[in-house]
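Subject: Structure for your review

Dear colleague,

Please find below the structure that I am handing over to you. My notes on it follow directly after.

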Amino acid sequence: MRNLINFFIKYNYWFLFLLLEVTSFVLLFRYNNYQQGVFFTSSNAVMGKIYEEIGIANSYFQLRTVNESLLDRNTQLERQVAFLKRQLSEKQADETELESLDRVDSAKMIIRKANVVKNSINQADNYITLDKGSADGIRPEMGVIDAKGVVGIVYKTSAHYALVISLLNSKSAVSCKIAGSEYFGYMRWDQGDSRYAYLKDLPRHVDFNIGDTVVTSGYSAVFPEGIMIGRVESVSDSHDGLSYLLKVRLSTDFGKIGSVRVIERKERMEQNELEKKI
């Protein structure tokens, strides 16, 4: 305590000077409008800058909280997107805008929806079972397609099921052609890779390129013209050397077939009856 008193006694002139300075500034800014205005303007600018820096610092320290809030919101949005995708997928199960149906004339064709309940892709003769049969209007020799292209042809039916000869079957032979050309051959699967089949008996004078589209020719009572089958992957000569053998990458993924359409030409029976008279 004595040291503190000695300190004040020793520097009493400095303390008196500071007291007088403060008193003079108070009197100056309190009783003079101009100096008072300058003081408040300057002090407001200084305090504003201080508050601005404090706000920036607070914002920086609150980033963690903001980030956590954004992460929670993103998680919620991701769940909503996943839910909407599931809903959209279910709504599109009917696939009312199938790519392969673009070429189907509803005035000439009857289209029936069905679902695959059994499928195989690694046998020499692969079959597909559908959950619709004769009770639903499905009969043998009707064409079956999915969103991407040709799947097969109905072979046998019961009241509530249909057995389809898959395109991946040694008994399957679909009349087809290069899109834009009138020359045709037939599509045959030679076992092996389920992604590929072969277009056979295509005349050698036909012009085409790798990557060209292969579609149904329309020269049968099963499929109308222009249904997608696949794209040309490579080309070689046939065994007899008189025609081309085209390796075709199938547009339909036979390992993921789910919803299909069974198509029927309205005039198919009339055509078949006429052809039987030959």
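Which residue in β10 is the bridge partner of Val 215? In this model, which is a predicted one, that partner is Met 228. Strands β9 and β10 (residues 228-237) run antiparallel and are joined by 3 bridges. On its other pairing, β9 (residues 213-216) is connected to strand β6 (residues 174-178), again through 3 bridges and in the antiparallel sense. Val 215 takes part here as well, as the bridge partner of Lys 177.

Glu 225, at 43%, counts as partly exposed.

The barrel

The structure contains a closed barrel of 6 strands, in the order β1-β2-β5-β4-β3-β12, with antiparallel pairing. Neighbouring strands of this sheet are turned by 45° against each other on average, direction ignored. One of the pairings is that of strand β2 (residues 125-130) with strand β5 (residues 162-169), which are antiparallel and share 5 bridges. Within it, Tyr 127 stands opposite Ile 165 of β5.

Further salt bridges

In total, the structure holds 7 salt bridges. Besides the pair described above, I would draw your attention to the following.

- Lys 200 and Asp 190 meet through their side chains in a salt bridge, at 3.4 Å from N to O. Lys 200 lies in strand β8 (residues 196-203), while Asp 190 lies in the loop between β7 (184-188) and β8, and the two are 10 residues apart. Asp 190 counts as partly exposed, with a relative accessibility of 40%.
- Asp 193 and Arg 195 form a salt bridge between their side chains, with an N to O distance of 2.7 Å. Asp 193 is partly exposed at 32% relative accessibility, and Arg 195 is partly exposed at 41%.
- Arg 112, Arg 139 and Glu 264 are connected in a network of salt bridges.

Backbone angles

Most residues other than glycine have a negative phi. Gln 191 is not a glycine, yet its phi is positive, at about 65°. Gln 191 sits in the loop between β7 and β8 and is partly exposed, with a relative accessible area of 46%. Asp 201, also a residue other than glycine, has a positive phi near 65°. Asp 201 is placed in strand β8 and is partly exposed, its relative accessible area being 45%.

A nonpolar surface patch

Finally, which residues form a nonpolar patch on the surface? They are Leu 16, Leu 19 and Leu 20, which together have about 300 Å² of accessible area. Leu 16 is found in helix α2 (residues 12-31). At 45% relative accessibility, Leu 16 counts as partly exposed.

With kind regards

Technical notes
Residues numbered from 1 in each chain as written. Predicted model: local features only at pLDDT ≥ 70, side-chain atom pairs only at ≥ 80, totals over all residues. Heavy atoms only, no water. Pairing = 2+ DSSP bridges. Helix = DSSP H or I, 4+ residues; strand = E, 2+ residues; numbered from the N terminus. Axes fitted to C-alpha atoms, helices over the stretch in contact; angles between N-to-C directions. Salt bridge = Lys/Arg side-chain N within 4 Å of Asp/Glu carboxyl O. Buried < 20%, exposed > 50% of the residue type's maximum accessible area, 1.4 Å probe, protein only. Patch = residues over 30% accessible without salt bridge, like charges linked within 9 Å, V, L, I, M, F, W, Y side chains within 5 Å. Areas by Shrake-Rupley, 256 points an atom, 1.4 Å probe, with all protein chains shown as cover.
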